[in-house]
Amino acid sequence: MRIPCPYCGERSREEFTVLGSAEAERPSPTASAESWVVYLHLRANPAGVHQEFWHHTHGCRAWLIVTRDTVTHTVLAVTPALDRARAAA
Amino acid sequence: MRYSAITLLRNAFSGNRLWTPAWRDPEPKPGYDTVIIGGGGHGLATAYYLAAEHGVSNVAVLEKGLIGSGNVGRNTTIIRSNYLLPANTHFYEHSLKLWEGLERELNYNAMVSQRGVLNLFHSDAQRDAYARRGNAMLLAGVDAELLDAEAVRAMVPGLVIDDARFPVRGGLLQRRGGTVRHDAVAWGYARAADGRGVDILQNTEVVGMRIERGRVVGVETTRGFIAARRVGIAVAGHSSQVAAMAGLRLPIESHVLQAFVSEAVKPVLDTVVTFGAGHFYISQSDKGGLVFGGDIDGYNSYAQRGSLAVVKDVMESAVALFPRFSRLRYLRQWGGIMDMSMDGSPIIDRTPIEGLYINCGWCYGGFKATPASGWCFAHTIATGAPHPLNAPFRLDRFASGAVIDEKGAGAQANLH
């Protein structure tokens, strides 16, 4: 599996560290306990297109949002996680 | 047909023409009392114990492919009960006891081999942690021995003890642990369940769940609708997909775990050894091949194949422990899909839907649990309430906070 980093170009999967699902939106600190349980523990876990946080640990060290197919391992899109954080701010 | 030395001899002298199929291939009935989704080790064991322990034999096991073609045929065959947390210790010890009597009970040779499981430690801190685990096991009535480096040297020839990047300081040994011929577990349970009237329906994939007024009434399959009063899900690897048919979202991610087999050699390793300075475990099959594995790849996957980064990591661990194995060629490598739960422990419980039960979240430790998992799941389905052994493995423990996190890694599925 190779991941095209938006800053460094296409690199081997070994340069990256995966954190996990980037699909759920983090609830506000005052949100109910139930919505935190859903965010922390429950997963859609799709067999197909899945958004994930990856860190380019041995490269530019940027956090990325990788859209990937979990059945074929095809990488469909990679965007900086910063873009999403800025859009939410 | 009951297997014995006499049936073996009779067939040996008659060209093996007298064997009968080990289980029937029946047509689905319109309905059953209980339907188990998933013809793997856990599903078949559940069906067997429903019939054998609870007298529920109007049961069908639905398998989308062939039985034993999933994770029960894709693991590294290790059995053990060397856990620290009480819920796990008692549950896995029950499993090990069932393994010890399994072949007699099923009248099937599953090649249960109690050759010992040795967990190596490489530092003082790790020795303390393993001593604590061993003591917890002893308190629960499980066998455990703490070995020093000399005892390990005497027990496992070829292991690098001193001249290593991570010198071996000793190991925690469970002599009753060992290996089992994995396919035979599926076949043995299938044959024994079939003998008690359970219908094993292969090539029957569940595509939908019929729920009326909060109660399950049956399943839609590729061979039509099958009515059922109770439905049990035992499809680790694809639990999220099947649970979604009932509108449930699980605390599970699917990940790929690889396993490896080397070319066959003469006996070199007569126990199961695990590496304490990495994640690696190895044993030798009766056929002579070394069977070994390591970590999951770390990213969500349903592909049943892994990446070279983990292959390299596993090989490095193998050679770090046993330099002599560097000259072996590895024959086969494959991947299996694991239900990684959010605390590293399984779920055997009821669901919010009446009549629907779930057995999932085995991470990469499901094989050794097969008998106890089936035994507890059968109890839960037959009586409508969990047995004390599986009562801690609740579906709602993530909301209540009563998680069973053996590794202490938190709600991070790929770290367990």
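Predicted model: local features only at pLDDT ≥ 70, side-chain atom pairs only at ≥ 80, totals over all residues.
Local features need pLDDT of at least 70 and side-chain atom pairs count only at pLDDT 80 or more, while totals for chains, interfaces and linings use all residues. Residues are numbered from 1 along each chain as its sequence is written, and chains are lettered from A in the order in which they are written.

**View 1. The open sheet of chain B has eight strands.**
Strands here are DSSP runs of E with at least two residues, helices are runs of H or I with at least four, and both are numbered from the N terminus. The order across the sheet is β5-β6-β4-β13-β14-β15-β12-β16, with mixed pairing, where two strands pair if DSSP finds at least two bridges between them. Because β5 (145-148) and β16 (330-341) of chain B each have a single partner strand, one side of each is left without a neighbour in the sheet. From one strand to the next, the twist averages 25 degrees, angles being taken between N-to-C directions on a scale from 0 to 180 degrees, with axes fitted as lines to C-alpha atoms, for helices over the stretch in contact.

**View 2. Strands β4 and β13 of chain B pair in the parallel sense.**
Three bridges join β4 (residues 117-121) to β13 (residues 272-275) in chain B, and B:L118 has B:V273 as its bridge partner in β13(B). Helix α8 (residues 308-321) of chain B packs on the sheet and touches β12 (252-264), β13, β14 (280-284), β15 (289-300) and β16 of chain B; two residues are in contact if their C-beta atoms, placed from the backbone, lie within 7 Å. The direction of α8 makes about 140 degrees with that of β15(B).

**View 3. Helices α3 and α9 of chain B pack against each other.**
The angle between α3 (residues 86-106) and α9 (residues 366-383) of chain B is about 100 degrees, and their axes are 7 Å apart. This makes α3(B) roughly perpendicular to α9(B), a term that covers angles of 65 to 115 degrees. Among the residues making the contact are B:F91, B:W99 and B:L102 of α3(B) and B:P371 and B:W375 of α9(B).

**View 4. Chain B and chain A meet in a contact.**
Chain B gives 23 residues to this contact and chain A gives 19 residues. On the side of chain B that touches chain A, the elements giving two or more residues are α7 (239-245), β12, β15 and α10 (397-400) of chain B.

Terms used. Parallel < 35°, antiparallel > 145°, perpendicular 65-115°, else oblique.
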